Every structure is written in structure tokens, then in C-alpha cells.
Amino acid sequence: MPAFEVLLHRYCTRRGLNGVPPDDDRALLERVFRRWAEAERAMRQGQPRQALRWLEDARGLSDVPLDSVVDAELLAGETRCWVALDEPREAISPARASWERWLDLANGPSLDIVVPPARALLAVLSSPDPPPKLSDTEIFTAWLADRLAVEFARSATLVLGLLADVHRVDLAEEVAENYLGWIDRFAPAADLVRARFALTLGDVYDRCGDSERALTVLRDGLRRLEGFADQPEIVILRGQLTFNSANQYAKLGQLENALEAFSSATEVGEQVGVEAALRTRYAVAFTKYQLGRDGGLIEELAELAARYEDVLAESTAGGSDLDVRQGLDLVYRLWLKLEAARLDPTDSRAVVRFLHLVFALKEEEGKFCRVLRTMEQQPDAAFHSEITVLLERLQTTSTGVLVIESVPDAVILVSLAPGRGDVAVQLLDRDAAAVVGDLIAEQRLATDRLSGRVIPAASPPSPRHVQVCQAMWQALDPEIREHIDGVRVLAVVMDSSTDLGELPVEILHDGTTYLGLRQRIVRSPALRDLNLSLSRNLVNARPTGAAIVVRAEDALVHADAETTLAVAAAADLGMTASVHRGPEPSALVHDLGAGIDLLHYVGHGLADRIGEELPLGPGKRLTARGFEAIRPAPAPFTLLSACLAGRSRQLRTGHEHGFVTALVRAGAPGAIAAAYMVPDHLAAEFTALLYYFAKDAPLADAVLLARQQLAEDGYHPAAWGCFVQHGAADLYLGRPHLNEPSTWSEWAARYLASGSEDHLRAARDHLRHELPTLLAQAIDDDLRALAEHDGDHFTATDHELPHTSQAAIVVSMLRSYGELRHTAVGRERKAQVIVAQARSIERILGDSYLLIAAAVELRKHLLPFGDNKTFLDAALRRLHWLTADDEQLDRARRALKGEEAHV
């Protein structure tokens, strides 16, 4: 009798049961399970963070160790949450504990242990109805079938996947041995269960790089199915094992065997599900490509990507869409490689289309095909997007871009030169890309020797080190080298899903000197973040004069001296610094959200493929997700003086993730962090020089000067190059969040939000210098009519839009606001249009002022519920990012808060 399974499904889908009622006199087990059930509901709704909060609340109900059954359920739930969030480092501990609890329960289940918590769970899942009347034996039997059988197998699968992440084959084999031993003793159909388990164990060997053993396990699974009839379950399982075997054939170089197996698996792909069908289609296409049979391949990839994007748009935040996004990433990368070979760099529209495909690699929503369809359907229309805005901003700031990404069997490099709008593309095949691996390996060796004090920081590089730095520079296409040499600032975006994220661009050597000693270099997690870092209207907060220096509780010899230095440097910048020694992570994040200009962390750091953390003290770990919670003020400019804290990784969702990424997306204007292992005395010397030069220079200049000084003092390139800059290049540490508009459109956006005469005057003044006379006059008339409440102007006149994306978007918004604010008919519909436009425009421009202007109109004309409430909350938070204009935005603030007398 599947009592638990049926009731759990009903609980999670039944309306009107959200939240936990007052606990009154309920038994502890029921109170705990009610919170566990709410966590299950949250997970099924795609809200793993909310689920974690429920599970934490459940654990907080008792000061004593929980019942073993309850503990197993809570640990299993916590593991699933962290896996859904793609946080292997956080997941592995509860996963191992969960597996041990379920293994103990499976080896010795008894009525005395199981029935009390099972009855409590049954009561919670039945609520508000009474639980079914079952005997102890019936409850015990139902629990064995519904909970133990499910969670025992699932806990084994989860822990094996996480052990594969850290390449612990020894621990994985121990888990597999215990699981299979139990199966052989108790499972009625051991061959079938072993065949299913072959998928999991084969995946472990595959991810640990042992294709031979993976293939052996998978073929054994197929052998165990030989005696079974072709029922749907068996056909599907056989297809999955065949597909995974084909993967191993491909990795072993047996491509014809792989193609035959993939083609066989395709026949059952549709029965497994849409994602499996797409995956097998891609595998067949890619294997044909490897065999040189690439006729019609781009068309096949375009169709696959479009279907993947449709499936992703329809899916929720559960585990299945992670597989969809990963499959889409594979399609994008092969498509990018093929497009690179045929790109016409003189065709501006083709360049924008190509750059959108580069952009899509790190855009979690997966929308490249929609962009492509829009461009194809309107071939002669102006196209405005994140890419076109980025290209304009690069030109006005003399910033060049170098993108380094992995594609099948190659590395792709894309460079953009501002001014001329040139793009250069280079593919380094497997042999040519050997220099990339050589430089990464040499950098690892040098940083290991420096951090282990095998060599002093002030020591010359080895001849081999210089050789690989020069070889990497020479491997670049001459046009890419020309682009790099011709810009004022070079922004670098690198693939973080592979070892390419470790490539030390700063130490490429042109035969005379290193790139990091002659060029300002900033890194961005993705093109999206680079675009936002160039926005003048995303953040504009006045200096708070406050800084926080965090000194972790550890034994680093030079860390206390660096802490003292950071406090003094903050004072030189006009800030008052408070020292937080081993703070609680939540308290630190709360303090940062109150409004801080500078955060300087001194201590250990850790970042790798399975997660990142700053160990603040015993039992106190601050993760990158902790920085995501900084609010309402924007995150501070941050200097992370900790090993590896500058690293990031790409999640299966497509998201970039890491300390710097989290800070930048929480409003930080920039960050400096060590991308490699670094001795603590070197960190202190670099930060001292950085603060010294940053008193009078933009940050990118200060970083360059600090590196030059260390190099002049004889420091190893791996030493002066270990700290990298992220975010805006030209910020000043004394006023890191303050931004002055540089174009009329940015001033006009501020005017739309504030109604300020100062903002209006600045917009009109800049118009005359930036646009042709007739167009400037037409836009000036729009601004005048908006200020003078001349509604007739917007219905009686029209004019061409500017050719640049940012200006065209703002002009269209000006006219929309004019029609809405000064006409009496259809205001609600027009307000809905403006809000919808603002949602997409905010992603393109990164303009908080436009977001606030749209939210004010929403508050006036629409009901503040549902999605509208979310939009209003976002706008209210952005007001804290614009405190430099507090006075000008006072009217907008009161309107957003619903003080109707002021609307």
C-alpha cells in the first residue's frame, strides 16, 4: 500500500496548505516532519533555497540528536537541495551522512525504530484530515516500500555522483560494494537492479576518467538484461545503457562502434523523454562530425538548439532542466566552432549574431535561437540587444575584449577592438592549443613553489616559464595581438567550465615584456557582467565613509600586519574602518548590506570545481551564495586577500558562480582577488602598493602600477600576476559607487525617474554635442513636451530613432512615458506595456533609473500583486543603489511606497 507516496504527493500539490500552523501541543516528531514536508513542497516547486530554510528550521526544534529515521530524511532533503543549487562542496557531507543512515536502516529495520516517526509523518501528510487507520505492521510495510526503498537507492546515487565530482573512486567503490551487497541479499530481482545501478557506477568511472572500467560496467548491465522480455521499462533501460556505452566507445576512439550504439539508442530516446531524445540526436550528430560527415550539421544543430530552448523555457528549476541546460551548452559550443570557421567579420549583422552565440554560453536562460529568429524575420530593421549596447560602450571607453572559451577539440579566441568595431576569431585545434595547457601547468608549478616557499617571491622565472609565456603570445593570431595592443583597457572573459579559467593572461610575454606590465587588464565573469560594469546608471551611491576589514581566525603569519595596513589605507581614502575578527557569516553579510564602501578580507580561501568558501573561523564558513544576500545597499568594492578567491565556475544551469561574480551581481563596482595560491607576505606587499597608488589613480591604473613596482623589485611573474581585477576599470576607491553619466541618454533616464530639472538640463545640454542637429532638436522637443505636460506633442508628432541602441531605447521610452503621462485614454494598458519593456530593457542597459521610472507608473496605474509586487520590490531595492540622487528621487521613493498624496 503506497500510503506515504500518495499522501506526500497530495500534500505537495494540495492548495491552501502553505506554511506551518502554530505548533501548539503537537509532538516534536510532527513539528519536525511538518517542516520537512514544507521543504519537499518547496523542492517540487523549484525553490531549493526555501527548502533549505525549512530544513534548518526543523533541525532547530530540538537540542538533542534527532531520531535516526528523522535524521535520515532531513539529511536526504538537505543533499537534494544543495545538488539542485549545484553546490557539491555543501552537498557531499550531508550526502555521505544520509547514505550511512539509510544503509543502517536498510540493514536492520525494526518496528520499534520505524513506527513512531512513521506514524508522525503519516499524521502530517494526512493533515488536515485524520491519518489512515493502519496497524503497526501495515505502517512498517508501507514505510519500507515508500520511504526506505526510494531513499536508500536515491542516497546511494547522490553520494556516488558527488564522490565522482571529487574523483574519490575508492570511496565510491566502497558505497557500491555495500549497496550491491544489500541488493544481492534482499532484492527479489537482483539482475534488474544491478543493471539499473550500472548506469550510476559507470557514470562514476566515466567522470573519473576511466572509460575502460566504465564500459565494462555498462556492458555487464546490458548482459544482465539479456533474459528479460522487451517490456517498456526494459527497452528504456537497455537504451540508456547502450547510449552510455556509446559515450565510452567515443572516448576510447572507437567512433564507428560509438555511432552504431548512439544510433541504436536513438530508437528508444523518445520513450525515455524529450531531453533523452535530444541528447541522443546530438550524440549522433557529433559523432558524424568527428568522422568528417558534417553535411547539414549546422542546420541540425540549429534545430536541436531551438528544441532545447523550448524545453528549457517550459521546465522548472528541478533536476531535469539542469540536464537540458547542459545539453544545450554542448550544442552551442559545437555550433560556435562551426560558425567561427565561416564568419565574415565585415558583416556587422553577422558579427552581432556570432557574438550573441558567444554570449549564450553563459546566459542561463538559453535564448539564442529566439534572437536569431528575430534577426532573420526583420533583416532590415535595427536590432538592439545586450551585444549592440556592449559594442557601443566599448567604443566610448576604449575598452577591448578578449574571450577565451572551449569548443569541441579546440580553444576559441574572440577579440573585439573598440572604435573600428573589428572582431577577430581564432580556433586553436588540439595540437595548437597545447601551449595553453603548457602555460597553465607552468603557472601551477610556479605558484605551488611560491606558496610552499620553495622559491622566494623575489626570484627570476625559470627559462621554461619565460618560454611558455612567449609561446602563448606567439600562438595568438596577429590581428588578435593587434587588438590587444591597441586598447586602453583589456577586458578578459574566460571559460570557467574547464581549466581555461586558470590561464594567466597577465603573464603573456611579447618578447620584450609581460602583458600585465604594460596593459590595464580587468576580468569579467561573462559578457553580460562586462556590459553592466560599463553602465553609469546601474549604481550611483554616495560614499558612506565606512569600511570593514575582516580578519579570519587563523595562524597566517603576516595577516595581522596586513589587517593594520588595510585600516590605515582606508583612513587615507577618507574611510573609517572597523575590524571584524572571525565574524559570524550572517552578521557580516547583514553589516555589508547596511552600506559599506570597502571590504578587505584577510585569511585563507578555497575555490575549486565543487565550491568555494572563506573560512572566517572554526565552524564559520562564508560561501559565495552568502554574498548574494547583501542588501539593501549595493555590495562594497572588495579586496579578497585569500588564495584562489578570484576563481569562478560555471554551474550546470549556465550561471557563472564564485565570490567575485556574486559580489558584482550584488552591486559591487569591482573586486580584486587572488586567482592562484599566494603566500600571505606577498598579499600584504601587493595590497600596500595597491592602496598607495589608488589614492590618486583609477583602480586599473593602480593595479598596473603595483605590478610594475613588484616586477621592478625582482618579483616572479607568478607573484605579481596572482591578484586580478574584476568589474569596472576606472572606479576610484574613495568613491567606488559614484557614477557620472557620460551620454545624454543616461541623463534622460535619470530624468524619467526623478523629474529633476538638473537631470533634464544635463540631458538637453549633452544632446547638442552628441547627435546631428535635426535629430537632437526632435529629441529635445520630446524632453520639453514631457517636462511641460504637453500630451498633444506625442500624439501629433513622430521622428526617426537614433542609430545607436542605447539612445534608440531611451527615445522610445521617452515617447512611451509622454503618451502615458499626458493622455487620458488607455493608461492601464500603456502602463503594462511600459513595465513589460522595462523588464527586458533593464537586462540590456543595466539602468536602475529606468527600472524605478517604470515601477512608479506601475504603482500609479496597476495593482501591486504577483509579478507586479516582485517588480516593485526590485525597484525599491534599487533606490538604495542610487543614494547619490536621494533628494532628486524622493518623489519616486514616496510613490513606490504608496504614499498616494505624493503620486
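1. With which side chain does the side chain of Asn540 make a polar contact? The partner is the side chain of Tyr849, at 3.1 Å, a polar contact being a pair of N or O atoms within 3.5 Å in which, within protein, one must be able to donate a hydrogen and the other to accept it, while residues adjacent in sequence count only if both atoms are side-chain atoms.

2. This is a predicted model, in which local features need pLDDT of at least 70 and side-chain atom pairs count only at pLDDT 80 or more, whereas totals for chains, interfaces and linings use all residues. Residues are numbered from 1 along each chain as its sequence is written, and side-chain values use heavy atoms, with hydrogens and water left out.

3. Asn540 lies in the loop between α22 (527-533) and β6 (546-551), where helices (H or I, at least four residues) and strands (E, at least two) are DSSP runs numbered from the N terminus. Asn540 is buried, with a relative accessible area of 3%; buried means under 20% relative accessible area with a 1.4 Å probe, protein chains only.

4. Leaving aside neighbours within four places in sequence, the residues in contact with Asn540 (heavy atoms within 4.5 Å) include His737, Arg750, Tyr849, Trp881 and Asp885.

5. For the chain overall, 38 helices and 16 strands are found, and buried residues make up 57% of the 903 residues. Among contacts between residues at least 6 apart in sequence, 73% join residues at least 24 apart. The C-alpha atoms fill a box of roughly 85 × 75 × 65 Å, taken along the principal axes.

How values were computed: Buried < 20%, exposed > 50% of the residue type's maximum accessible area, 1.4 Å probe, protein only.
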